[in-house]
Amino acid sequence: MINTFSIVFLAALAAATAARLWLAWRHVRHVAAHRAQVPAAFADEIALAEHQKAADYSGAKTRFAMIDVAFGAVVTLAFTFGGGLELLHQVSASWLTDGILRGLVLIALTVLVNALIDLPSDYYRAFVIEARFGFNKMTRGLFFADAAKGLAVGALLLLPLVAAILWFIREVGEYWWLYAWGATVAYSLFVQFIAPTVIAPLFNKFSPMQDIELKERVERLLARCGFKVKGLMVMDGSRRSAHGNAYFTGFGNSKRIVFFDTLLKQLNPAEVEAVLAHELGHFRLRHIVKRMTWTAAASLGFFWLLGFLMQQPWFYAGLGVSSPSPAMALVLFLFAIPPFTFLLQPLGAMYSRKHEFEADQYAAQYSAARDLVSALVKLYRDNASTLTPDPLYSAFYDSHPPAVARIARLQKA
């Protein structure tokens, strides 16, 4: 039954979808318009053919993302007004009586169906777009194995948490959302703690860094920064992609630094040190803690909102559902909230870009700024990252500053 909330939701979904498509269209046109010439700041390091490859790669990804955005809106409508969630409810109700277990089955079925719907898109990205530009290294067997393991690990990690949330709803009363929020934050920290040693090895092979010269250089940097880690690891990222990266993972005594093997092939030791100094900056400047704090605060608001909506008959009816339940409310909330939070996305991106600039400045203090510039230019080139994103598109989506602005600041340093 269509009610006021139905109209509000449909308007928000239409507006968010139209905005996403418009931003993507702007980006494709902007990148294509600057395809013929390398930006002056990069003219000596990046060849025109490499710049054009990046433009074509960005265009291909963005055009396909436009299809994904439109299709995603259709999927949302199919699950809600199209009766998809009602059908999954009937399936779970035919198997089990009302209770936490039936709620878990409903949520698991929704996630499974959604994953199966997304699978062709993921396949196309890997074996058409990424392969066309020389980045995909996965076999089809590895792709499907990753998908299956991802679902299995997700189920093992998330179903206990969801069961706890459903239990709080049933047993605690009015302020269940506060207990659920606390449990979610604590459980997230636990998952972050076990991720390096339990979860990540299920998908990739990690081995101690063997390059003695590089290892000693990294250890000297860590000593200068007063930073301790449990291990310097190299990950077999080349099994899946030619893209390179490095990251920190874990907390406390489980902290590790992980380098993609592709990154170590792309950069020389001084450049690797500079990239690591940037990542150290994120930790030293407490960027990770700040982001986690903001995430926890936002999730508290979302849990409160869910607690309110769960009690409103118009919330269910307005999204085409005639079988209210706590599990159904959780699922509906996940479908309903993105269109309303879309306009907040630039704030998160801006906050992230601020942190990236700060980490660059930290890196310039503990390593040579010119080495970080050199490393970034190589990474932009080898990863075919466009140097000329549309400014508005970048403001909405990009967690890292545009290449020209980032390099300019570092050259001043």
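These legends accompany several views of one predicted model.

**View 1. The whole chain and its secondary structure.** The model is predicted. The chain holds 16 helices and four strands. Along the principal axes, the C-alpha atoms fill a box of roughly 65 × 50 × 40 Å.

**View 2. Inside the chain.** Of the 413 residues, 45% count as buried. Contacts here are those between residues at least 6 apart in sequence. In 75% of these contacts, the partners are at least 24 residues apart.

**View 3. The surface and the charges.** The chain has an accessible surface of about 20,600 Å². Carbon and sulfur atoms account for 65% of that surface. The chain carries 38 positive side chains and 29 negative ones. The centres of these two sets lie 2 Å apart.

**View 4. Proline 324 in its loop.** Helix H11 spans 313-317. Helix H12 spans 326-341. Proline 324 lies in the loop between helix H11 and helix H12. Is proline 324 buried or exposed? Its relative accessibility is 54%, and exposed means over 50%, so proline 324 counts as exposed.

**View 5. Proline 324 and tryptophan 176.** In sequence, proline 324 and tryptophan 176 are 148 residues apart. In space, 17 Å separates proline 324 from tryptophan 176, C-alpha to C-alpha.

Note on methods: Residues numbered from 1 in each chain as written. Predicted model: local features only at pLDDT ≥ 70, side-chain atom pairs only at ≥ 80, totals over all residues. Heavy atoms only, no water. Helix = DSSP H or I, 4+ residues; strand = E, 2+ residues; numbered from the N terminus. Buried < 20%, exposed > 50% of the residue type's maximum accessible area, 1.4 Å probe, protein only. Contact = heavy atoms within 4.5 Å. Areas by Shrake-Rupley, 256 points an atom, 1.4 Å probe, with all protein chains shown as cover. Lys, Arg positive; Asp, Glu negative; His and termini not counted. Charge placed at Lys NZ, Arg CZ, Asp CG, Glu CD.
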